[in-house]
Amino acid sequence: MDVIDLLIQQHREVEALFEACRAAKDDASRQALGVQLAEALTLHTTIEERWVYPAARRVVGEKLIQDSVEEHGEMTQLIAQMIRARNDPKKLVSLFGELEQVVKDHVTMEERDVLPKLGQKVTEEDLGMSCKDIVRTASEVRREEMQKLQGQANA
């Protein structure tokens with residue numbers, strides 16, 4: 001699997017998590033799925049920002065990548081708000097809807113404007129490591145980022 005295939009697979013996994021959250025029958029299930037969603041998005045944004053976007057800037061241009069980074073910032077803020085609102089089911093559902101829309105817009109733009117161009121021009125050498133190594137390293141970073149978000153939510 002190359003990194004483009006990985007990113008598209010992660011998009012589908014996040015979409016499935018949103019669907020599962022909408023179908024959840026109780027608040028506890030929604031909360032657990034929300035944590036999975038936060039972890040999946042954190043892993044995904046880490047991979048993009050640390051490895052993919054630096055190579056993408058030269059291929060697709062600064063404007064598209066800057067827009068994507070800004071969307072990641074929105075996602076991170078919404079995830080932090082969701083963690084803080086974990087005991088307020090109504091607020092959590094509202095934030096979940098906002099996050100889903102940001103993610104949908106991001107995925108649409110990325111799959112239409114960024115990933116097709118990258119798939120033709122970016123190699124593992126351009127990224128600095130293999131897809132497998134990227135996932136392993138990003139997973140470690142994801143744990144650190146989730147701990148920071150938890151700490152901020154508890155402060």
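This is a predicted model: local features need pLDDT of at least 70, side-chain atom pairs count only at pLDDT 80 or more; totals for chains, interfaces and linings use all residues.
**Notebook: salt bridge and helix packing**

I began with a pair of charged residues and found that the side chains of Asp27 and Arg30 meet in a salt bridge, with 3.0 Å from N to O. Asp27 and Arg30 are 3 residues apart in helix H2, which means that about one helical turn separates them. I noted beside this that side chains of opposite charge can pair when their charged atoms come close. A search of the whole structure for salt bridges gave 9.

The chain has a mean pLDDT of 86, and 94% of its residues reach 70 or more. Among the elements of the chain, helix H1 (residues 3-23) has the highest mean pLDDT, 93, while helix H5 (residues 124-127) has the lowest, 74.

Next I looked up how H1 packs on H2, and I recorded an angle of about 160° with the axes 10 Å apart. An angle over 145 degrees counts as roughly antiparallel, and H1 and H2 are therefore roughly antiparallel to each other. Their crossing is left-handed. On the H1 side I listed Val3, Leu6, Leu7, Gln10, His11, Val14, Leu17, Phe18, Ala20 and Cys21, which meet residues of H2 including Leu33, Leu37, Leu41, Ile47 and Val52. Arg30, the salt-bridge partner of Asp27, is also among the H2 residues that meet H1. Sorted by class, this contact of H1 with H2 has 15 nonpolar, 5 polar and 2 charged residues.

I went on to the pairing of helix H2 (residues 27-60) with helix H3 (residues 62-84), whose axes come within 10 Å and cross at roughly 165°. H2 and H3 are therefore also roughly antiparallel to each other, and H2 passes H3 in a left-handed crossing. From H2 the contact uses residues including Ala38, Leu41, Thr45, Glu48, Tyr53 and Val60, and from H3 it uses, among others, Glu62, Leu64, Ile65, Val69, His72, Met75 and Ile79. I counted the residues of this contact by class as 10 nonpolar, 5 polar and 4 charged.

Notes:
Residues are numbered from 1 along each chain as its sequence is written. Side-chain values use heavy atoms; hydrogens and water are left out. pLDDT is the predictor's confidence in each residue, from 0 to 100. Helices (H or I, at least four residues) and strands (E, at least two) are DSSP runs, numbered from the N terminus. Axes are lines fitted to C-alpha atoms, for helices over the stretch in contact, and angles run from 0 to 180 degrees between N-to-C directions. Angles under 35 degrees count as roughly parallel, over 145 as roughly antiparallel, 65 to 115 as roughly perpendicular and the rest as oblique. A crossing is left-handed if the near helix is turned anticlockwise from the far one by less than a right angle, and right-handed if clockwise. Contact means heavy atoms within 4.5 Å. Ala, Val, Leu, Ile, Met, Phe, Trp, Tyr, Cys and Pro count as nonpolar, Asp, Glu, Lys and Arg as charged, and the others, Gly among them, as polar. A salt bridge is a side-chain nitrogen of Lys or Arg within 4 Å of a carboxyl oxygen of Asp or Glu.
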